[in-house]
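Subject: Structure handover

Hi,

Here is the structure for you to look over. My notes follow below it.

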Amino acid sequence: MSTIGAGDGLHVEAVELVRIRIPLVTPFRTSFGTQTERDVLLLRVIGDGVEGWGECVAFDEPLYSSEYVAGAHRVIEDHLLPRLLAQKGARAEDIARILQPIKGHNMAKAAVEMAWLDAQLRAEGQSFGEYLGATRTAVDCGVSVGIMDGIPRLLEAVSAYIDQGYRRIKLKIEPGNDIEPVRAVRERFPDIALQVDANTAYTLADAEHLARLDEYNLLLIEQPLPEELLVANAQLSKIVKTPICLDESITSAAVAAEALDIKACSIINIKAGRVGGYLEAKRIHDLCAERGIAVWCGGMLETGIGRAANVALAALPNFTLPGDTSASDRYYRQDITPPFVLDDGRLPVPTGPGIGVEVLADVLDGLVTSRQLVEVSR
Ligand code: OSB
Ligand code: MG
């Protein structure tokens, strides 16, 4: 291993891996499964008189992508931290390069980079938003609505979110639960900003069926096809008029550039976890801004830790569509940070150093399922 960036970064004394179990306020059903709680891996980096937090967005099962929380935990412990801690004093900006020999595991890498970046920015007194280049003090918020048992319940849920002020509604769809729910929501709410997310549940053979969504004036169709199939998305967008937005498929700025080159999509959902960190997320934002492609900030049912960073990212200028950056109470009765509260359909961008929110130790303690301290030898 080479010695990169030795000396000018954070002097880490210890890293704690904290696992928590936190129940969702309501089950969240997508085309890939139903979530009723989150098993979240948090990283706490301690050094230079500060502590930094990172949140890993991987779920307990590899259903959204191939990563899952126990695997992320292992790869962080066995492969990522040893490489990173061998480079004394790495800066957050060096981490992607240091970890580049490790294939894949973007969510694990993103969690590590986030913790280092939070600690580094706290030590330097700068907020995530300021560091990333935020140009807004609050961000427009949408909400992702799971697949419901029947149209009446769906309309009730959508109506409640609209009453709370959400500026855009996203409906999760799957084969057999697509045209009818969209038609019902559009009929009841003719003017709302509405979009759908299939989480890879269709094939190109469904193109004509998906084209039936064109009459409902949707902002976009998110990830209709399997994640690896960029060319198929390009073909689909010739048949379906509604813009195709990619989520799962976009795993890096390089993949984003290729997807745009072949017109696989015309909008991108950016999730820092999926692309290996907030720095790569910013690169995708910048690339899309140059090419005139709108982006929006996705979500992975984050706690207040990940939410704080997401809201900062969503404050960058080319995040022109409302994000899945919903208020804390859409997910959790009691979050592990002070809650993010919707104000006129927006969330405020934290201004304090680092992610700008503090973890509520008492709440955290009540949710912990395991803690593991990795001490750094000097
Ligand atoms: O595909 O965007 C997705 C939640 C979990 C996994 C994948 C997705 C989602 C959401 C909700 O749609 C995002 C959120 O509100 O955090
Ligand atoms: Mg999605």
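**Largest pocket**

Seventeen residues, 17 in figures, line the largest pocket, and those nearest its centre are Asn-106, Lys-109, Ser-252, Val-275 and Gly-276. Keep in mind that this is a predicted model. The volume of the largest pocket is about 370 Å³. By type, the lining residues are six nonpolar, six polar and five charged.

**Magnesium site**

The magnesium ion (ligand 2) has these protein donors: Asp-197 (OD), Glu-222 (OE) and Asp-247 (OD). They lie 2.1 to 2.3 Å from the ion. Their spacing in sequence is D-x24-E-x24-D. Glu-222 sits in strand S8 (residues 221–222), while Asp-247 is in the loop between strand S9 (244–246) and helix H9 (253–261), so this pair ties together parts that are 25 residues apart in sequence. Glu-222 and Asp-247 are both buried.

**Ala-264**

Where is Ala-264 placed? Its place is the loop between H9 and strand S10 (267–270). Ala-264 counts as buried because its relative accessibility is 0%, against a cut-off of under 20%. Beyond its neighbours within four places in sequence, Ala-264 is in contact with Leu-230, Asn-233, Ala-234, Ser-237, Ile-244, Leu-246 and Ala-259. Take Asn-233: its C-alpha is 4.8 Å from that of Ala-264, yet the two are 31 residues apart in sequence.

Best wishes

How values were computed. Residues numbered from 1 in each chain as written. Chains lettered and ligands numbered in written order. Predicted model: local features only at pLDDT ≥ 70, side-chain atom pairs only at ≥ 80, totals over all residues. Heavy atoms only, no water. Donors = N, O, S within 2.8 Å, 3.2 Å for Na, K, Ca; no water. Helix = DSSP H or I, 4+ residues; strand = E, 2+ residues; numbered from the N terminus. Buried < 20%, exposed > 50% of the residue type's maximum accessible area, 1.4 Å probe, protein only. Contact = heavy atoms within 4.5 Å. 1 Å grid on protein atoms, 1.4 Å probe; cavity = no way out; pocket = protein on both sides within 12 Å on 5 of 7 lines; lining within 4 Å. Points joined across faces, edges and corners; volume = space filled by probe spheres on them. Nonpolar A, V, L, I, M, F, W, Y, C, P; charged D, E, K, R; others polar.
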